[in-house]
Amino acid sequence: MTSDEQQGHASHAGRTSPSALTGHPPKVNDYTSFAEAYTSENETNLINAYYERPAMLALAGDVAGRRILDAGCGSGPLFAALRDRGALVSGFDASVGMLELARRRLGAGADLQVADLGSPLPYADDTFDDVVASLVLHYLEDWGPALAELRRVLKPGGRLIASVDHPFAIVTMHHQAGREAEYLDTTNWTDEWTIGGQTALMSIWHRPLHAMTDAFTAAGFRITVISEPDPDPAARELFPEAIAAKPRFLCFLFFVLQAD
């Protein structure tokens, strides 16, 4: 099952041709423009609710008492799940609209801040036991500044648990659509999502596995896990047709990294 077949991060009408953004393009990656619709879809769909989030939680393991930063927390579903498991969670996101929804979900006392991954973060050095970065790194052309900041706020020996678009799934998707795509290149492409009648243009960076691992190690991380998981077992009953057609599939790639 490639990203087209499983509808990507959220339900969308289709993908535009890969393109470099030139001149003055429309605003991209504007989650605030469709925050309500995206959150509603994200709550119960196969790919987010029964594939990506369960995989992130499984990799996190027992988090009771651990201080965790949710980098790019969106409307807070992963934040809430980690908090329910006893973690002390903080979160940030660049989208004001998504953070408003997160505050509704998590309560006024939740530690939520507006911040942009890749810019200096409003946290002290060596603050967190873990950082979770759920489907956010692939929006960045350069992972270096973001990983350096995440490494800075982690305690020595802390973990970065990250999920990204699976590079093989992305290249396969383009090939199936009759488009040229080179696995070994780091390239930008655009994706038009239509969710709840609202359309948004997403700018995403494809990079091969070696470029990801090079970036992680250059930032001072040691790779301890690379995972290509199956969906949550509950998906079989909730999405019988999709699972019957493709009981195993590639969509996202998961990492557990240790700050050395």
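Predicted model: local features only at pLDDT ≥ 70, side-chain atom pairs only at ≥ 80, totals over all residues.
Residues are numbered from 1 along each chain as its sequence is written, and side-chain values use heavy atoms, without hydrogens and water. Local features need pLDDT of at least 70 and side-chain atom pairs count only at pLDDT 80 or more, while totals for chains, interfaces and linings use all residues.

Strand β9 spans residues 252–259; helices (H or I, at least four residues) and strands (E, at least two) are DSSP runs, numbered from the N terminus. Seven of the eight residues of β9 are buried, that is, under 20% relative accessible area with a 1.4 Å probe, protein chains only. Strands count as paired if DSSP finds at least two bridges between them. With β5 (residues 154–165), β9 forms an antiparallel pair over seven bridges; with β8 (residues 221–227), the antiparallel pairing runs over six bridges. L257 of β9 is the bridge partner of L160 and also of I223.

A nonpolar core is a set of buried Ala, Val, Leu, Ile, Met, Phe, Trp, Tyr and Cys residues joined through side-chain atoms within 4.5 Å. The largest one contains 32 residues, and L82, L106, L112, V132 and F252 have the most contacts inside it. At least two residues of this core come from each of α3 (46–60), α4 (77–84), α5 (96–106) and β9. The largest share, seven residues, is supplied by α3.

Beyond its neighbours within four places in sequence, L82 is in contact (heavy atoms within 4.5 Å) with L57, A60, V63, I68, A87, V89 and V132. A second, separate core has 31 residues, including Y123, V136, L137 and A219.

Technical notes. Buried < 20%, exposed > 50% of the residue type's maximum accessible area, 1.4 Å probe, protein only.
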